[in-house]
Structure formats: structure tokens, C-alpha cells
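Here is a short briefing for a reader new to this structure. Look over the sequence and the model, then read on by topic.

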Amino acid sequence: MRVVPSGSAFTAVILLAACAPKLAVSPPPPPPPDASAIRAALEKEEAKFGPLLQSKDVAGVAAQFTEDATSILPDASTFTGKAAIQAGAKGFFDALDSFTPESNVIDKLIVVSDSEAVTFSHGIGTMKMKGKGQKSERHNNPFADYWRKGTDGMWRIAYEVTADGPAKP
């Protein structure tokens, strides 16, 4: 015996298929941020610090930070806002006799997005403070920075924590 589908059952199946919600096809996820390009951009920004310290450029140091940035120094002094960071840099430079940069290296980069990143870095240089009997000392300054890329395309530090200590020979 042969079974022939009835016309009404066949029509019902067709109607159900036509009325069923279409499965939304998600667009592919965006490509991940280019970590190599971000590293290169941040290395370029970090390379500015040694010469800024050497020339005691208060405005140049402050320009490396966002308007609402926070900077915490090795002695736990905390400066929030670009104006406060600039004032803190001036105070440091007033006590600094000389600084000779050697290197500034990103040890670890964490890319958060195409406009946010975190770096763990260290800089080495020779520093001499003002005052009788002060000697030049070679320093290793580890620091961590939270970077934000501005609407102008420039990367700036939004949060920085620094440490300091004698550099190994």
C-alpha cells in the first residue's frame, strides 16, 4: 500500500517553514587589535621619557599623560590630573642635578582593546640629585602604565605606578 501525503498536511508544513523565525547570522567578530602596532606605538612614546627627564622638560612630561591621569611615585606621592603631574615633575626637576638615560624597555604588554593597553616596563639611567655630597647613581626604575589612545590618535598614560632602586652593574 502506498501512502500519499494529503494536500493540507503538505501545505501546513510549508506554512510552518515559511513562518519560522529566521536564524540570525551573526557577523564575524572584528579582528583582534594589532598588538605589534600597539607595541611599536607605545615604545615610541616611552622612548620620549629619557630625553624629557634629561632636559627637565616639565611640559613635555605632562603631555605624556591624559587630563585625568594619576601618577604614583616610588615614595607613594600621588598626583592626579595633568596640572598636578606637571607640578610634581617640576618639584622633582628642581631637586635633580642631572639625568642620563640608558634604556627604556617594555617587558610585558597587555592589549585590552585597540585604544587601551597596559605595559610593565623598566628604564635605566644615571641620576644625580642636587646637594652637597650627592653622587651620580645608576637607577633601575620599573613601572606599570595603563595607556589610552585619544581621539587624536596619540597614546597617553592614564595611570602610572613607578618604583625605583639601584641598577645592577
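Helices (H or I, at least four residues) and strands (E, at least two) are DSSP runs, numbered from the N terminus. On that basis, the protein has five helices and seven strands. From the N terminus on, their order is α-α-α-α-β-β-α-β-β-β-β-β.

This is a predicted model, in which local features need pLDDT of at least 70, side-chain atom pairs count only at pLDDT 80 or more, and totals for chains, interfaces and linings use all residues. Residues are numbered from 1 along each chain as its sequence is written, and side-chain values use heavy atoms, with hydrogens and water left out.

**The protein overall**

- Buried residues (under 20% relative accessible area; exposed is over 50%, partly exposed in between; 1.4 Å probe, protein chains only) make up 29% of the 169 residues.
- Contact means heavy atoms within 4.5 Å. Of the contacts with a separation of 6 or more, 55% join residues 24 or more positions apart.
- The protein exposes about 10,900 Å². Carbon and sulfur atoms supply 63% of that area. Accessible areas come from the Shrake-Rupley method with a 1.4 Å probe; for residues, only the protein chains shown count as cover.

**The nonpolar core**

- A nonpolar core is a set of buried Ala, Val, Leu, Ile, Met, Phe, Trp, Tyr and Cys residues joined through side-chain atoms within 4.5 Å.
- The largest such core has 20 residues. Leu42, Val61 and Phe65 have the most contacts inside it.
- Elements that give two or more residues to this core are α2 (35-46), α3 (49-54), α4 (58-63), β1 (65-72), α5 (82-95), β3 (96-113), β4 (116-129) and β6 (155-162).
- β3 gives the most to this core, with four residues.
- Val61 touches Phe49, Leu52, Ala89 and Phe93, leaving out residues up to four places away in sequence.

**Helix α2**

- The 12 residues of α2 should span 16 Å at 1.5 Å a residue, and its end C-alpha atoms are 16 Å apart, which agrees. The expected span is 1.5 Å times one less than the number of residues.
- Ile38, Leu42, Glu45 and Glu46 are buried in α2. Seen down the helix axis, the buried residues of α2 fall within an arc of 95 degrees, so they line one face. That arc is taken from the directions from the helix axis to the C-beta atoms.
- An α-helix has 3.6 residues a turn, so residues three or four places apart point the same way.
- The buried residues of α2 pack against α3, β3, β4, β5 and β6.
- On the face turned away from the buried side, α2 carries the exposed residues Ser36 and Lys44.
- Asp34 caps the N-terminal end of α2, with a side-chain oxygen 3.1 Å from the backbone nitrogen of Ser36.

**Thr119 in strand β4**

- Thr119 lies in β4. Its relative accessibility is 0%, so Thr119 counts as buried.
- A polar contact is a pair of N or O atoms within 3.5 Å; within protein, one must be able to donate a hydrogen and the other to accept it, and residues adjacent in sequence count only if both atoms are side-chain atoms.
- The Thr119 side chain makes polar contacts with the side chains of Glu46 (3.4 Å) and Trp147 (2.9 Å).
- Beyond four places in sequence, Thr119 touches residues including Leu42, Ile106, Leu109 and Phe143.

**Asn141 in strand β5**

- Asn141 is found in β5 (residues 137-149). At a relative accessible area of 26%, Asn141 is partly exposed.
- Asn141 and Ile124 are 17 residues apart in sequence and 6.2 Å apart in space, C-alpha to C-alpha.
- Neighbours within four places aside, Asn141 is in contact with Ser121, His122, Gly123, Thr162, Ala163 and Asp164.

**Loop residues**

- Pro32 is in the loop between α1 (7-19) and α2. Its relative accessibility is 71%, so Pro32 counts as exposed.
- Pro32 and Ser113 are 81 residues apart in sequence, and their C-alpha atoms are 8.0 Å apart in space.
- Lys56 is in the loop between α3 and α4. Phi of Lys56 is near 55 degrees, a positive value in a residue other than glycine. At 30% relative accessibility, Lys56 is partly exposed.
- Ala76 lies in the loop between β1 and β2 (78-80). Phi of Ala76 is also positive, near 75 degrees, in a residue other than glycine. At 54% relative accessibility, Ala76 counts as exposed.
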